[in-house]
Amino acid sequence: MAGCGWEGTDPLYRQYHDTEWGVPVLDDTRLFEFIVLESAQAGLSWLTILRKRSGYRQAFDYFDPKVVATWSAQDIVKRVANPAIIRNQAKITAAVTNAQAFLRIQQEWGSFARYLWHFAGNRPEIHHYTTRSEVPSTSSLSNRLAGDLKQRGFRFFGPTICYAFCQATGVVMDHLVTCDRYSALSTPPPRLFFSN
C-alpha cells in the first residue's frame, strides 16, 4: 500500500496511518484522548506515544475528562511513577488542567467536537500535497485554535501540537495525493458537520 512516507514499516505506525490518521473524529472521548496523547508527544516521536497508548488508556481512566479533571496532586504523583506512560509531571499536570478546560468548553458549546469543528467551518480542510516537505507544521487554523485554547486555560498545546492534533482527528486531511488513503478521505462530507 502506498503511504505518506512518515509511517515507515513499523506495523503499529502503519496501522495508525492506514486506519486513524486524517479520519474525522466527532466523539469527545476520542478527542480528549488525542489531546492527552498529542500533548505528551511534545519533544518525542509519535511512535513512542503509540507504543504507550494502552498504558495511557489505563492510567488516564480511559480518557474520561470528567475523571481526569478531578485528579489530586497525589493522583498526579501516582502517574509520574507509572512506567507505562511518559513520566513527565508537567505534561501530566497539564492534562488535568486541560481536562478542566475541556469540560468548560463542553458546557459552553454542547460538545468539544462542535467547538473544534467550527474552526474549520464544520467540515474537513482538505489539502492536496504531493511531497512531505509541503506539509506544514502549523497553519492559520492551528494558530487560531491554539490561541483560543490558551485563553481558555489549555497548556502544552501550542500551534504545532494543535496542527498535529488537527491532522490526527481529520480536521485537516494531509495524506499525500500519492497515498492510498488520499482518495478515501479527500472528498468532503455531503453536509457540514453540526449544521442545523
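So, what do the buried residues of α7 pack against? They pack against α2 (28–41), α5 (65–68), α6 (73–80), α8 (112–118) and α9 (140–151). Buried here is under 20% relative accessible area, with a 1.4 Å probe and protein chains only. Helices, by the way, are DSSP runs of H or I, at least four residues, numbered from the N terminus.

Keep in mind that this is a predicted model: local features need pLDDT of at least 70, side-chain atom pairs count only at pLDDT 80 or more, and totals for chains, interfaces and linings use all residues. Residues are numbered from 1 along each chain as its sequence is written, and side-chain values use heavy atoms, leaving out hydrogens and water.

Okay, back to α7. It covers residues 89–109, and its 21 residues reach 30 Å from first C-alpha to last, close to the 30 Å expected at 1.5 Å a residue (that's 1.5 Å times one less than the number of residues). Among its buried residues are Ile 92, Val 96, Phe 102 and Ile 105, but also Lys 91, Asn 98 and Gln 106.

Now the ends. Asn 88 caps the N-terminal end of α7, with a side-chain oxygen 3.0 Å from the backbone nitrogen of Ala 90. After α7 comes Gly 110, with a positive phi near 95°.

Last stop: which helix gives the largest share of the lining of the largest pocket? That's α10, with five residues. α1 (11–19), α2 and α10 (159–168) each supply at least two lining residues.

Notes: Buried < 20%, exposed > 50% of the residue type's maximum accessible area, 1.4 Å probe, protein only. Contact = heavy atoms within 4.5 Å. Polar contact = N/O pair within 3.5 Å; in protein donor to acceptor, adjacent residues only side chain to side chain.
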